[in-house]
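The sequence and model come first.

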Amino acid sequence: MEEEVKGIGDYVDVLRRHKKLVIYPAIFFIILSAAVALLLPATYKSNGLILIESQEIPNDLVRSTVTSYADQRIAVIKQKLMTTAKVMAIVKKYNLYSEKRQKSPTSVIVAMFRQSISVDMVEANVTDPRSGRSRRASIAFNVSFMDKDPRVAQQVASELVTEFLNENVKTRTARASETKAFLKDEGDKFQRKIQLLEKKIADFKDEFNDSLPELLPYNLSMVESLQNELVQ
């Protein structure tokens, strides 16, 4: 028994016979989607791009003190900025969610604000200066905020960018202080070692003052003079 092979024409006939079940629902959903898109209030998104600068101190010098991944540092800064106190300060400053703030608890307002922002990393192929190989690395990140008012969206996004930069300055300042203290400790260690070596050298010179290498020509001349006297 041979199987019946269906072609494109057979499927077209099926669509023609059941067009009410296929075409009409599709048209209905298209109209519904368009109506929802038109009836929903417009939402504006404003974003700022922040470039990531590499540290100027060599990694091999203070690797354990100042080296960390950029995306991890940015995630930490974001957590600091998304605390309830900082979020509510921005909400009150720009009068966000004024109607809902009267009816909803603080936790709901904070959750709404957090849902309106996004921090997206921007990656690119870069050359590792230590290995010379190409790899993917974060070179910048976008901070954005969405709101129904375009002016408010721009103002809050600008505020968030400023907060990110300020917090990053605090972090870099703290790390620089740690690095300075680390380098000072290392310098003090080397200074103590140098002083100890200098003392040992001085003690050695005092103990073997007559047999130091720099006195060899003088000692030889003295020996030769004594030999001449003995011969005479």
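In helix H7, the buried residues are Ile-109, Val-110, Phe-113 and Ser-116. Buried means under 20% relative accessible area, exposed over 50% and partly exposed in between, with a 1.4 Å probe and protein chains only. Seen down the axis of H7, these buried residues fall within an arc of 125°, so they line one face of the helix. The arc is taken from the directions that run from the helix axis to the C-beta atoms. Ser-107 and Gln-115 are exposed on the other side of H7.

The model is predicted: local features need pLDDT of at least 70, side-chain atom pairs count only at pLDDT 80 or more, and totals for chains, interfaces and linings use all residues. Residues are numbered from 1 along each chain as its sequence is written, and side-chain values use heavy atoms, leaving out hydrogens and water. Helices (H or I, at least four residues) and strands (E, at least two) are DSSP runs numbered from the N terminus.

Helix H5 (residues 84–93) has Val-87, Met-88, Ile-90 and Val-91 buried. Down the axis of H5, its buried residues fall within an arc of 160°, so they line one face of the helix. The face turned away from that side carries the exposed residues Ala-85, Lys-92 and Lys-93. Just after H5, Asn-95 takes a positive phi of about 55°.

The structure holds two aromatic pairs. Rings of Phe, Tyr and Trp (its six-membered ring) pair if their centres lie within 6.5 Å; planes under 30 degrees apart count as stacked, over 60 as edge-to-face and the rest as tilted.

| Pair | Centre to centre | Angle of planes | Class |
|---|---|---|---|
| Phe-113 and Phe-145 | 5.3 Å | 40° | tilted |
| Phe-141 and Phe-164 | 5.6 Å | 55° | tilted |

Phe-113 in helix H7 and Phe-145 in strand S3 are 32 residues apart, and their pair links distant parts of the chain. Phe-113 counts as buried at 0% relative accessibility, and Phe-145 counts as buried at 0%. Phe-141 in strand S3 and Phe-164 in helix H8 are 23 residues apart. Both Phe-141 and Phe-164 are buried.

Helix H8 (residues 150–207) also holds Asn-168, which counts as partly exposed at 24% relative accessibility. Asn-168 and Arg-73 are 95 residues apart in sequence and 8.6 Å apart in space, C-alpha to C-alpha.
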